[in-house]
Amino acid sequence: MISRHPRLLTPGPLALAPEVKASMQNDLGSRDISFRQVTRDTRQWIQELAHAGPDYSTIPMQGSGTFVIEAALTTFLKDSDKVLVCANGVYGETAAKILRRHRLGHVVLTRPITEPVSVEEVAARLAADPQITHLYFVHCETTSGILNPLPDLLALARSRGVTSIVDSMSAFGAIEIDAARHPFDILISSGNKCVEAPPGIAFAIVRRAMLTPELTVARTYTLDLYDQWRGFEENGEWRSTPPTHVAQALRAGLMALRQETVAGRHARYAAIRDRLIAGLRPLGFSPILRPEVQTPICVAFRNDTVVPDALAFADYYQHLRNARLLIYARFHEASRSFRIGCIGQIEPGWVDELVEATRAFVSARRQPGGGAGLARRAAAGPEQRP
Ligand SMILES: *Cc1c(COP(=O)(O)O)cnc(C)c1O
């Protein structure tokens, strides 16, 4: 059991501002005018943050980000369509899994997780395969924190007459998105990343021209984005019960974001990222990305001496947890890295605490035979190693 409040240094869910948490105290009726106002503000403010004009519409939906990715892929793709999925991390691969599950046409273009999606490679694929109708890519791939080249990929899709679907889950709110300068067809994000709201609602910003019965083929009832949108347009209501408290917190998070601005939030997160890297680097932890492609969303660190594998990482995680600091709990085997989030209401002092706790962990490891994990591995014997 964790005593008192843990400090989240995770790329969502994240530490929330007190006023966002306080906004969840009101019980609202889901079909009451007060709640319809919450929904209206939320949709409008999301759209304004993306600089998306009246040719776009914003569709919130219950669930985490993946729900709306599945909703978009199963609402807007026809059986004859084929998606080129760019994958340089787990989230690109998730989209491919969803397409496979629904037996929808797709092809995957894989890149190493330390390399951005290559516009040249995508162009070559599109040129070689005229069957491709859609381009899917992740804006910031949270596996590594890498930035993919959104403006160039969108321009390419447009020039080839291919529909673009962007997973901007972890970027929206901290990395500028400008639908006027870089028009997309569908862009997906959720409240619990850089909008700094609790998990429970995600949303798609969709080109309005796509919202017709002819251009949509929903394959499920609950994830039918077109039907969800019709409800909002016709009576301002969600089809089935919305998470009313979370919706109010999403509105509060968006209000705070409007005040801070996307540029302000980007700068705040970048300062956390830089403090984190500056503190951990002398201890032997290096970001796996080169600085030009490293976003301020999260940093994937690697230290082959102190945290060489999942077992050592489990010890490190527990050590930080004992200091009530929570980082992302998974070790990425292929790149031998783990992630620390820079988003949310992280105070600079938390980063300093994390650096100090890490310093203590490193020096314990450097003792001869030091560290519980080393002892455990010696006891388990080599055949039981992962
Ligand atoms: C968080 C995230 C998602 C969605 O994950 P959920 O667990 O469903 O919230 C999708 N793509 C990216 C890039 C993300 O960072």
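Lys-193 is buried, its relative accessible area being 9%; here buried stands for under 20% relative accessible area, exposed for over 50%, and partly exposed for whatever falls in between (1.4 Å probe, protein chains only). The model is a predicted one, so local features need pLDDT of at least 70 and side-chain atom pairs count only at pLDDT 80 or more, while totals for chains, interfaces and linings use all residues. Residues are numbered from 1 along each chain as its sequence is written, and side-chain values use heavy atoms, with hydrogens and water left out.

An unreviewed UniProt entry lists Lys-193 under "modified residue: N6-(pyridoxal phosphate)lysine"; UniProt positions follow the numbering used here, feature names are shortened, and annotations may be inferred rather than shown by experiment. Lys-193 sits in the loop between β9 (186–190) and β10 (201–207), where helices (H or I, at least four residues) and strands (E, at least two) are DSSP runs numbered from the N terminus. Leaving aside residues up to four places away in sequence, Lys-193 touches Pro-11, Gly-12, Leu-14, Met-169, Ser-170 and Ile-343, a contact being heavy atoms within 4.5 Å. One of these partners, Gly-12, is joined to Pro-13 by a cis peptide bond with omega of about -5°. Pro-13 belongs to the loop between β1 (7–9) and α1.

On the contact itself, domain 1 puts in 22 residues and domain 2 puts in 23 residues. Between them the two domains bury about 2000 Å², with 61% of it on carbon and sulfur atoms; buried area is the accessible area (1.4 Å probe) that two parts lose on being put together, summed over both. On the domain 1 side, Val-262, Arg-265 and Ile-297 lose the most area to domain 2, together 31% of what that side buries.

Thr-261 is found in the loop between α8 (244–260) and α9 (262–280). Its phi is positive, near 75°, in a residue other than glycine, and at a relative accessible area of 38% Thr-261 is partly exposed. Arg-324 also has a positive phi without being a glycine, at about 50°; this arginine is in the loop between α10 (310–322) and β13 (325–327).

Next come two helices. Buried in α4 are Gly-92, Ala-95, Ala-96, Ile-98 and Leu-99. These residues are on the same side of α4 because they cover an arc of only 155° around the axis, the arc being that of the directions from the helix axis to the C-beta atoms. Lys-97, Arg-100 and Arg-101 are exposed on the other side of α4. The cover over the buried residues of α4 includes α3 (65–75), β3 (82–87), β4 (105–110), β5 (134–138) and β6 (140–141). Just after α4, Arg-103 takes a positive phi of about 55°.

Helix α6 (residues 150–159) has Leu-150, Leu-153, Leu-154, Leu-156 and Ala-157 as its buried residues. Their arc around the axis is only 160°, so they lie on the same side of α6. Arg-158 and Ser-159 are exposed on the face of α6 turned away from its buried side. Among the elements covering the buried residues of α6 are α5 (119–128), β5 and β8 (163–167). Gly-161 follows α6 and has a positive phi, near 65°.

Two further residues round out the picture. Lys-82 lies in strand β3 and, at 22% relative accessibility, counts as partly exposed. Beyond residues up to four places away in sequence, Lys-82 touches Gly-105, His-106, Val-107, Asp-129, Gln-131, Ile-132, Thr-133 and His-134. Ser-23, in the loop between α1 (18–22) and α2 (33–49), counts as buried at 15% relative accessibility. With residues up to four places away in sequence again not counted, Ser-23 touches Gln-248, Ala-249 and Ala-252.
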